[in-house]
Amino acid sequence: MRNLLTLVLLSIWLLVGTSAAQLVVVTPPQVVLSAGQKVQLQAYLYQQSGVAKLVTNTSTWTSLQPSIATVSKRGMVTMKGTGSAMIVATYNNAPGYGTVWNQFTPFISVPPSNASFGKIEHVVFIVKENRSFDEYFGTFPGANGTTTATLHTGQVITLGHTPDKPKHDMGHEWTDSHSNVDGGRMDRFDLETSCSVNGDNLCLTQMYQADIPNYWAYAQNYALADETFSSVESGSYPAHLMLVSGSSQTTINNPRSSIPEQWGCDAVAGTNVPAIDAKNVVSSVFPCFSATTLGGLADSAGVSWKAYTSVNGESGYVYNPYRSFSTIFNSSDWTTKVVTESDFITDALAGNLPALSWVTPPSIDTDHPPDSACVGENWTVQQINAVMQGPASQWNNTVIFLTWDDFGGFYDHAAPPYRDQYGLGIRVPMMIISPWAIQGVYHTEVEFASVLRFMEETFALPNLGGADTIANDMQDAFNYSQTPLPPLVLTQRTCPVASEDTPAFDPDDLED
């Protein structure tokens with residue numbers, strides 16, 4: 001019966017995925033204007049084939065906050081008042097969103113440092129999937145969390161309770177992300193794709209300490225970062241490019257293809273990814289880039305590294321962060337330094353971790369709805385236990401950054417700081433686990449490129465010239481004069497039994 005359900009769901013994915021791939025993109029997506037200033041916005045229809053069609057003059061344009069900004073029927077915006085306004089271009093019932101601002105949440109920078117140089121010898125970057133900060137830690141004491149959500153009507157409701165194994169995925173890519181943020185109002189989650197199926201209001205729910213006790217234990221014993229924002233206001237693919245290159249490579253969504261899982265240099269012909277270039281023109285690119293990665297910088301400097309991730313033929317291969325970079329994919333690194341994720345535990349226990357490690361799980365262990373949070377947490381505990389149960393000399397100079405690649409459609413109340421046309425995106429959890437991490441809630445604004453900058457400073461590497469040049473480096477999350485924090489070896493949990501009608505396979509897992 002489950003196999004039959006899997007086939008049915010896959011068929012639905014093939015039909016729905018094709019339709020969903022035809023998105024409307026407004027450019028420039030974010031503009032800062034003074035009162036009285038004008039800007040011409042453009043609308044593009046991006047189709048499954050990768051063709052981007054200019055539809056500015058055939059779209060219906062509206063402003064959701066006309067007292068702040070108005071828009072003509074051809075996309076000319078005039079800033080009228082103070083604040084922000086979301087501009088909508090609708091083509092064939094599909095909306096695209098742009099935002100104009102003259103007041104916004106600023107990005108707050110802190111002085112950089114290289115205090116970790118000579119003190120940290122191993123940086124481990126573990127990346128899970130699709131949870132917002134409020135969904136996992138909205139009730140954490142001392143953190144910037146909430147237990148309520150504001151709807152598009154202005155109504156404020158109490159967040160419900162997320163089941164361990166959610167029944168479905170939710171919209172969390174470019175279009176839904178921009179709509180949800182609504183110029184910093186964070187009040188349109190209830191309108192996102194599949195927020196509520198059969199009245200479950202899944203996107204407006206959160207978990208509690210009892211649901212994810214081991215994640216909470218790490219947060220209580222080490223540092224919980226409550227101002228971590230995804231580097232891109234979109235979903236998984238551009239975020240994963242950021243994890244190793246400090247740039248989304250101008251991409252804004254996940255790859256489109258005639259078959260699933262085509263997220264890299266080995267994608268089949270015709271695979272395409274929507275992108276916005278420096279002139280704000282929407283076009284398609286093949287998901288393979290020649291950009292320098294942090295792995296490449298490490299190679300040049302003689303610094304050891306590995307990506308412990310899913311390799312070709314393994315579940316979770318879509319999340320392999322180096323798969324989209326020809327500089328790694330077409331080099332010997334692809335077979336020697338991009339290795340199966342199961343090698344991480346072996347290397348950690350033996351004290352053989354490289355200086356830099358990226359770690360991603362198999363699909364079922366990612367925390368990605370509708371997969372079990374408990375199952376995903378257990379996988380995470382296995383990896384971290386291996387570091388803590390390895391040689392003490394290794395633990396004593398290691399830092400583990402644990403984060404989630406995007407918000408997954410779950411509500412979050414914190415407005416992302418304005419940075420550029422691509423981000424920052426909606427807030428996600430991050431934990432900083434190390435003998436030298438400050439204990440408690442860490443409030444500095446950080447993003448994925450912050451981890452890259454920390455790696456660069458720790459090992460005297462040059463920067464990548466992307467977001468890593470401006471991201472806060474997280475050096476202020478450490479105190480190297482404190483009594484080192486001991487390892488916290490945790491026990492895996494017995495997970496709740498899923499209901500009979502919860503699918504073992506979610507077609508969206510293949511794409512984001």
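The model is predicted: local features need pLDDT of at least 70, side-chain atom pairs count only at pLDDT 80 or more, and totals for chains, interfaces and linings use all residues. Residues are numbered from 1 along each chain as its sequence is written, and side-chain values use heavy atoms, with hydrogens and water left out.

Start with the disulfides. A disulfide is a covalent bond between the sulfur atoms of two cysteines. Here the term is applied to a pair of cysteine sulfur atoms within 2.5 Å. A search of the whole structure turns up 3 of them. Count the bonded cysteines along the chain, and the pattern is 1-2, 3-4, 5-6.

Take Cys195 and Cys203. Their sulfur atoms lie 2.2 Å apart. The link of Cys195 and Cys203 is left-handed, with -60° about the S-S bond. Both Cys195 and Cys203 are buried. Buried means under 20% relative accessible area, exposed means over 50%, and partly exposed is in between (1.4 Å probe, protein chains only).

Next come Cys265 and Cys288, joined with an S to S distance of 2.0 Å. The torsion about their S-S bond is about 85°, so this disulfide is right-handed. Cys265 sits in the loop between helix H5 (236–245) and strand E17 (273–276), and Cys288 in the loop between strand E18 (282–285) and helix H6 (294–301), so the pair ties together parts 23 residues apart in sequence. Helices (H or I, at least four residues) and strands (E, at least two) are DSSP runs, numbered from the N terminus. Cys265 counts as buried because its relative accessibility is 15%. Cys288 has 26%, so Cys288 is partly exposed.

Now look at Cys374 and Cys495. Their sulfur atoms are 2.1 Å apart. With -85° about the S-S bond, this link is left-handed. The pair connects distant parts of the chain: Cys374 is in helix H10 (residues 373–389), Cys495 is in the segment after helix H12 (448–458), and they are 121 residues apart. Cys374 is buried, because its relative accessible area is 0%. Cys495, at 22%, counts as partly exposed.

Helix H4 spans residues 213–221, and its buried residues are Asn214, Tyr215, Trp216, Ala217, Tyr218 and Ala219. What covers them includes H10, helix H2 (133–137) and strand E11 (122–128).

Move to the loop between strand E21 (356–359) and H10, where Thr366 is found. Is Thr366 buried or exposed? Its relative accessibility is 0%, so Thr366 counts as buried. A polar atom of the Thr366 side chain lies 3.1 Å from the backbone nitrogen of His368. Leave aside neighbours within four places in sequence, and Thr366 is in contact (heavy atoms within 4.5 Å) with Lys128, Glu129, Tyr319, Pro361 and Asp371.

Finish with strand E10 (residues 94–101). Of its 8 residues, 7 are buried, so E10 is largely enclosed by the rest of the structure. Which strands pair with E10? Two strands pair if DSSP finds at least two bridges between them. Strand E2 (residues 30–32) runs parallel to E10, over 3 bridges. Val32 has Trp101 in E10 as its bridge partner. Strand E9 (residues 84–91) pairs with E10 in the antiparallel sense, over 8 bridges. There, Ala85 stands opposite Val100. E9 and E10 form a hairpin with 2 residues between the strands. In this hairpin, Asn92 takes a positive phi near 50°.

Notes
Polar contact = N/O pair within 3.5 Å; in protein donor to acceptor, adjacent residues only side chain to side chain.
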